[in-house]
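Work through the exercises below with the sequence and the coordinates at hand. Each task is followed by a solution in steps.

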Amino acid sequence: GCAGAGSPVQTATATGAACQQFRFQPVGDALLADAAGQLALDGCGRTVADRPNRPGSCQRWRFEHAADGFYRVVNAATGRALGGKAVWRIDSTGLVDRDGHTIAARLETP
């Protein structure tokens, strides 16, 4: 309906209008957890790792829009970006970098 920010999302035939373009963006701090909610990405140690889910800012992350649907993912406690200079998109498989690597693959790479 092109009614502006905060309007309900509607399905319609694509017209190419700019108002039909949108992106999903997490707002505020987010917990990056496994599907069961048992492990969460923790950024306060020497390395980023999955650790048991516990309250605290070490497991809270902020999404900062970079470009073209990609985000810098920054730890709320340390201010360090996930993957250094990497930018991420939200995919049905989780977080994926520009090269197509998932966050799990990046964590396993030294």
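**Exercise 1.** Find which residues Arg98 touches, not counting residues up to four places away in sequence.

Solution. Step 1: a contact means heavy atoms within 4.5 Å. Step 2: with residues up to four places away in sequence not counted, Arg98 touches Ala67, Phe70 and Val87. Step 3: place Arg98 in the fold; Arg98 lies in the loop between strand E7 (94-97) and helix H1 (103-108). Helices (H or I, at least four residues) and strands (E, at least two) are DSSP runs, numbered from the N terminus.

The model is predicted: local features need pLDDT of at least 70, side-chain atom pairs count only at pLDDT 80 or more, and totals for chains, interfaces and linings use all residues. Residues are numbered from 1 along each chain as its sequence is written, and side-chain values use heavy atoms, with hydrogens and water left out.

**Exercise 2.** Determine where the charged end of Arg98 sits.

Solution. Step 1: a charge sits over a ring if NZ of Lys or CZ of Arg is within 6 Å of the ring centre and within 35 degrees of the ring normal. Step 2: the charged end of Arg98 is over the ring of Phe70, at 4.2 Å from the ring centre. Step 3: Phe70 is also one of the residues that Arg98 touches.

**Exercise 3.** Describe how strand E4 pairs with E1 and with E5.

Solution. Step 1: two strands pair if DSSP finds at least two bridges between them. Step 2: E1 (residues 30-31) and E4 (residues 60-67) are antiparallel, with 2 bridges; Leu31 has Arg60 as its bridge partner in E4. Step 3: E4 and E5 (residues 70-75) also run antiparallel, joined by 6 bridges. Here Glu64 is opposite Arg72 in E5. Step 4: look at the turn. The hairpin of E4 and E5 has 2 residues between the strands, and Asp68 takes a positive phi near 50 degrees there.

**Exercise 4.** Classify the geometry of the aromatic pair formed by Phe63 and Tyr71.

Solution. Step 1: rings of Phe, Tyr and Trp (its six-membered ring) pair if their centres lie within 6.5 Å; planes under 30 degrees apart count as stacked, over 60 as edge-to-face and the rest as tilted. Step 2: the structure contains 1 aromatic pair. Step 3: the ring centres of Phe63 and Tyr71 are 5.8 Å apart and the planes are at 75 degrees, so the pair is edge-to-face. Step 4: check burial, where buried means under 20% relative accessible area, exposed over 50%, and partly exposed in between (1.4 Å probe, protein chains only). Phe63 and Tyr71 are both buried.

**Exercise 5.** Locate the disulfide and give its handedness.

Solution. Step 1: a disulfide is a pair of cysteine sulfur atoms within 2.5 Å. Step 2: searching the whole structure gives 1 disulfide. Cys44 is joined to Cys58, S to S 2.0 Å. Step 3: the angle about the S-S bond is -95 degrees, and the link of Cys44 and Cys58 is left-handed. Step 4: the pair links distant parts of the chain, 14 residues apart, with Cys44 in the loop between strand E2 (39-42) and strand E3 (49-52) and Cys58 in the loop between E3 and E4. Step 5: Cys44 has 31% relative accessibility and so counts as partly exposed, whereas Cys58, at 18%, counts as buried.

**Exercise 6.** List salt bridges of the model and the accessibility of their partners.

Solution. Step 1: a salt bridge is a side-chain nitrogen of Lys or Arg within 4 Å of a carboxyl oxygen of Asp or Glu. Step 2: the whole structure has 5 salt bridges, including these:

- Asp29 and Arg62, at 2.7 Å from N to O. The pair links distant parts of the chain, 33 residues apart: Asp29 in the segment before E1, Arg62 in strand E4. Asp29 is partly exposed at 40%, and Arg62 is partly exposed at 38%.
- Arg72 and Glu64, with the closest N and O atoms 2.8 Å apart. Arg72 is partly exposed at 34%, and Glu64 is partly exposed at 35%.
- Arg89 and Asp91, at 2.5 Å from N to O. Arg89 is partly exposed at 29%, and Asp91 is partly exposed at 25%.
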